[in-house]
Amino acid sequence: GRLEAVTQQMGYHPQYLDSFLKTQHYLMHMDGPLPFDCRHYIAIMAAARHQCRYLVNLHVLQFLRAGGDPQWLRGLEFIPPKLRNLNEINKILAHRPWLITKEHIEKLLKISEWSWSLAELVHAVVLLAHCHALASFVFGCGCEQDEGLGGRGLLKPLSLGNQCFCEATAGNSYSQELLRINRKRSLDSCMELDSLRERMQRIHVETEGREEMRLLQQDREEGEGQGSEAGIQGGSSYGTPGWLSPLADIDGEVTGATNLACYMQDPDFGYQDFARRDEDQTQVFRVQDYSWEDHGFSLVNRLYSDIGHLLDEKFRMVDGLQSSAMAKRQGCEPSVFKRGIWNYIHCMFGIRYDDYDYAEVNQLLERMLKVYIKTVTCYPEKTNSEMFDRFWKQFKHSEKVHVNLLILEARMQAELLYALQAITQYMI
């Protein structure tokens, strides 16, 4: 049920929610090139780039339930080199996707013991883009509830029993089924969590036992005085293993992971503004040359069966959502307003449409709205309550969610375009 807050927010737009849940389920739980535990670990790596504890904790639990090796949760140094090699492309896609090249793809696909297949890489790329974009939605809607830091409910989630959410999902088969399954899972998960808790306790005891033996051995080798000092230092690292912290409160809410740095390298690498107009223009990605409809869809669908159809449905679904009140407040047609937001997001990633007048963006989007969109899109972990207080005053709750859905989908498509273009160039 850890996606509950996300599904409740999306529940304001039940048709989109249905499409999102089908895609999420297909990516994580249906037949595909990647093993199930690897899928969740890739999601952990992606969410960690934006310090999204909500998603990291969710996938830590699902990683273990899928039979994943708990030692991997100690960080990237403890995972197979094949997965660790994905770190570079994860970092680039999350922050500066325009930097990805066919050389990055070639490096992952080169023949070796740890090489990726094209199908596996496409699955991984879709997972990375999905989780990066979902992290933006999580922060944008205030689902990131880090109680240890005084978590904020920026857009307060509805409860499952709230009439509005039930009405929003009425008549929606997939969403109704989700609610029914969640009720059953709330009972089944008690037994599952008991088993999981016992498993984690055994791992904890074994880890402490191994560490105690290591310190005793160190004492013998280095002498009693030096050994005692080493024991104190070792205790600070292993006394409460950081890799167990997301599961400290296994009975109730999963406690926030205190340190996500173990899941990423080069943590200082972040978003930088794309090159200005007076700088080198060779990097500009022109949709007329490579688009989702004409190029990306067919490639991803060929290498990872049916995912292209699910992604395409989701892109079209968010474009078809009604926002007449929101657009009317801006003095324009709904389609014009949505396209302004979409193209503004793509522009921040260096993607340009030759048939669009970008002067419209400044006319359609107020300054605070642009600040909010850029923050949630490019560095969502910096989203704060002040942005909501200044931006959300005139918007209905469903409109706020709609803006965040546009951010989610536009960002995901932007990352996919760059990655799929690089794969296409490699294949040529």
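Select helix α7, residues 102–109, and helix α19, residues 397–427: the two pack at an angle of about 70 degrees, and their axes lie 8 Å apart. This is a predicted model. Angles of 65 to 115 degrees count as roughly perpendicular, so α7 and α19 are roughly perpendicular to each other. Look at the handedness too: α7 passes α19 in a right-handed crossing.

Next, show the side chains at this crossing. From α7, pick Lys102, Ile105, Glu106 and Leu109. They meet Ala422, Ile423, Gln425 and Tyr426 of α19. Colour this contact by residue type: five residues are nonpolar, one is polar and two are charged. On spacing within a helix: an α-helix has 3.6 residues a turn, so residues three or four places apart point the same way.

Now move to helix α6, residues 87–95. How many of its nine residues are buried? Eight are, so that α6 is mostly covered. Select the buried set: Asn87, Ile89, Asn90, Lys91, Ile92, Leu93, Ala94 and His95.

Last stop: the cysteines. Select Cys38, which is buried at a relative accessible area of 14%. Then go to Cys378, also buried, with a relative accessible area of 2%.

Methods: Residues numbered from 1 in each chain as written. Predicted model: local features only at pLDDT ≥ 70, side-chain atom pairs only at ≥ 80, totals over all residues. Heavy atoms only, no water. Axes fitted to C-alpha atoms, helices over the stretch in contact; angles between N-to-C directions. Helix = DSSP H or I, 4+ residues; strand = E, 2+ residues; numbered from the N terminus. Parallel < 35°, antiparallel > 145°, perpendicular 65-115°, else oblique. Left-handed = near helix turned anticlockwise from the far one by under 90°. Contact = heavy atoms within 4.5 Å. Nonpolar A, V, L, I, M, F, W, Y, C, P; charged D, E, K, R; others polar. Buried < 20%, exposed > 50% of the residue type's maximum accessible area, 1.4 Å probe, protein only.
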